[in-house]
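Trainee: I have a model open and want to learn how to read it. Can we take one feature at a time?

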Amino acid sequence: MIGIEARMVHLEEAFGDPWDADNPAGFAAAVSADEREETAPAAEAVLDEFRLSAEFVPRALGGRLDRVDHMIELMRSVYRRDPALGLARTSQLLASARVWTVGTPEQCGEAARLLLNNRRIACALHEPAHGSDIAGNEFAAGRSGSGLLLRGRKESIPDLDQADALVILVRTDPADGPRSHSQLFLPADLLAPGHVRRLPRFRSVGMRGVCLGGMEVTGLPVPDAVLLGAPGTGAETASRAFQMTQLALPAMHTALLDTALRVTVHHTRQRRLYGREAAAIPMVRTTLAEAFTDLLICEALSRASARALHLFPAFGSVYAPAVAYLVAGVLTDAVQRLSTVMGSEFYRRDGEHAVFQKIARDVRPVGFGHITREACLSALLPQLPGLLGRAGRDPAPAPAALFTAEAELPEPDLPGLRLIADGRDPLAASLGTVLDDIPSASRSLVEDHVRGFAALCESGAALRPRELLITAEVPARELAARYTVALAAAACLGVERTASGDFLARSEWLVAALTRLAGAERAIPANLPRAVEDALIEELMDRFDRNLSFGLSARPYA
């Protein structure tokens, strides 16, 4: 199998220069396709030729998936060009992760065969009427002789029309409860026309190129063999599989901020105001530096969390909602701030900067499309007292493998993921140990974060059981939100401590990250020191000139 670095280079080269207006897989083609509510055919052809779906198939089944962080970084090459193209293809991961988690050898083999042959598997999980409350889903499967009888509606299924199979959540018990739902791995040829009516396309403002289909099913008989996992374990399976997809999708979406920032730099360096480049205006410089910092924060938390799925799979139920909550919010806010710098270019749907208005629309579903940010806090709340209690009592350094690109990792064990974390959170617990060799430039900021985490641990220990429910009041939810900030701070500290010889080993970006995170925790503006801002702008412009990614990897782009 070709190594990940070579695959990333190959994919970038196959896509070509996104700024080339004549490139059928470039920004102009993506914007034009978006106006038609589709994705660019040439870009689709690139991914088919690359056999992208193999990136979602475990190596043991003949695919390329051996590291979640590598999969995320490769997919950023897709998302940075057209987020709708990325999301449409990543829907294969949403579906297949459920098969890898609980499927029989036969089901896993069939899912792998489909994906390795460029076929599609659709994921029919959510129902718009119930949002993130999958336990409220009404699509039902009742007993009928030796099989099941399906009835109900699913209205927003990505790639339904192209799917050769579906993973679908169904209610198998009319009574509410943790065992009321099951999942099915359903071959599309079982969708008999006499029992299945296709619904009109479900349209959206963002991610318009993702074709969301729907179906209404009445009395469709299917065999018991389509059950995915044991009957009644549908919600549990979804929660476990979510731990990879809920983490991976927001992490891939950091590429949207990379593109939005790249377009903004391009625009402000071309435009002259008051006798100088717009990029030299103090307010513009500050916005660019803050957005660059926000991108590094998001990728630091995403990288550590993705590697933790390999090293500490017992904490997937913590890191996945933390990434989904914090990254979605930071990305949306950063793109919004960049839009103020873009001015009237922000909403143009033609010209070389037209991709910005598409990014600004496509970034918004990150916070609610897969799972809402509030639902992420609800997933963290019940685990909070145990997490804070153990991290506060028993601090310990985090292993370098959470942060360094060279670290060897075991292959992911999706069937081994748990619903509730058990033990000491290795990332949060490291905050109690970071003061030993912190440089003076960032020491006061680090001390602030350490004190803030200690106070958070005390508050968490005082939480009462009724404050941990989905109906919890705002103060309890704020504690969960602060926990995500603590994880991000620990991740940034880990990246800086393990980096060597490059920008990430310098204190400026860490000062910027900790300053931004302190502001987020307190919900107040936090200004970057002038020298720090200057260092960030210098690095940002150098990467722009050399066409390197603005994220942690700083890898070459086509």
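Predicted model: local features only at pLDDT ≥ 70, side-chain atom pairs only at ≥ 80, totals over all residues.

Trainee: Where does Thr471 lie?

Mentor: Thr471 sits in the loop between helix H14 (440–461) and helix H15 (474–498). Thr471 and Ser378 are 93 residues apart along the chain, and their C-alpha atoms are separated by 8.5 Å.

Trainee: Is Arg477 buried or exposed?

Mentor: Read the percentage against the cut-off. Arg477 has a relative accessible area of 12%, so it is buried, the limit being under 20%. Its place is in helix H15.

Trainee: Which residues does Arg477 touch, not counting residues up to four places away in sequence?

Mentor: Arg477 touches Glu374, Leu377, Ser378, Leu381, Ile470 and Ala472 on that count.

Trainee: Now the whole chain. How many helices and strands does the protein chain have?

Mentor: It has 17 helices and 10 strands. Next, compare the radius of gyration with the globule rule. The radius is 23 Å, close to the 24 Å that the rule gives for 558 residues, so the chain is as compact as a globular protein of that length. Along the principal axes, the C-alpha atoms fill a box of roughly 75 × 60 × 45 Å.

Trainee: What share of the 558 residues counts as buried?

Mentor: The share is 59%.

Trainee: What does helix H10 reach from its first C-alpha to its last?

Mentor: H10 (residues 316–342) reaches 38 Å, close to the 39 Å expected for its 27 residues. This helix is mostly covered, with 22 of its 27 residues buried. Just after H10, Gly343 takes a positive phi of about 60°.

Trainee: Which residue other than glycine has a positive phi?

Mentor: Glu37 is one, with phi near 60°. It is found in the loop between helix H2 (27–35) and helix H3 (41–50). Glu37 counts as partly exposed at 22% relative accessibility. Asn118 is another case: its phi is positive, about 60°, although it is not a glycine. Asn118 is in the loop between helix H6 (105–116) and strand S1 (120–124). With a relative accessible area of 22%, Asn118 is partly exposed.

Trainee: How do I read the strands?

Mentor: Start with a general rule. In a regular strand the side chains alternate between the two faces of the sheet. Then follow the bridges. Strand S2 (residues 140–144) runs antiparallel to strand S3 (residues 147–158), and five bridges join them. Ser144 has Gly147 in S3 as its bridge partner. S2 and S3 form a hairpin with two residues between them. Gly145 in the turn has a positive phi of about 60°.

Trainee: How many bridges pair S3 with strand S7?

Mentor: Nine bridges pair S3 with S7 (residues 212–223), in the antiparallel sense. Leu150 has Leu220 in S7 as its bridge partner. Strand S6 (residues 196–202) also pairs with S7 in the antiparallel sense, over five bridges. Arg197 stands opposite Glu216 in S7.

Trainee: Last feature: the cysteines. How many disulfides are counted?

Mentor: First the idea. A disulfide is a covalent bond between the sulfur atoms of two cysteines. The count here comes to zero, with a cut-off of 2.5 Å between the sulfurs. Cys123 is in no disulfide, and the nearest cysteine sulfur, that of Cys108, is 15 Å away. Cys211 is in none either; its nearest cysteine sulfur, that of Cys123, is 16 Å away.

How values were computed: Residues numbered from 1 in each chain as written. Heavy atoms only, no water. Helix = DSSP H or I, 4+ residues; strand = E, 2+ residues; numbered from the N terminus. Expected span 1.5 Å × (residues − 1). Buried < 20%, exposed > 50% of the residue type's maximum accessible area, 1.4 Å probe, protein only. Contact = heavy atoms within 4.5 Å. Pairing = 2+ DSSP bridges. Rg over C-alpha atoms; globule rule 2.2 N^0.38 Å.
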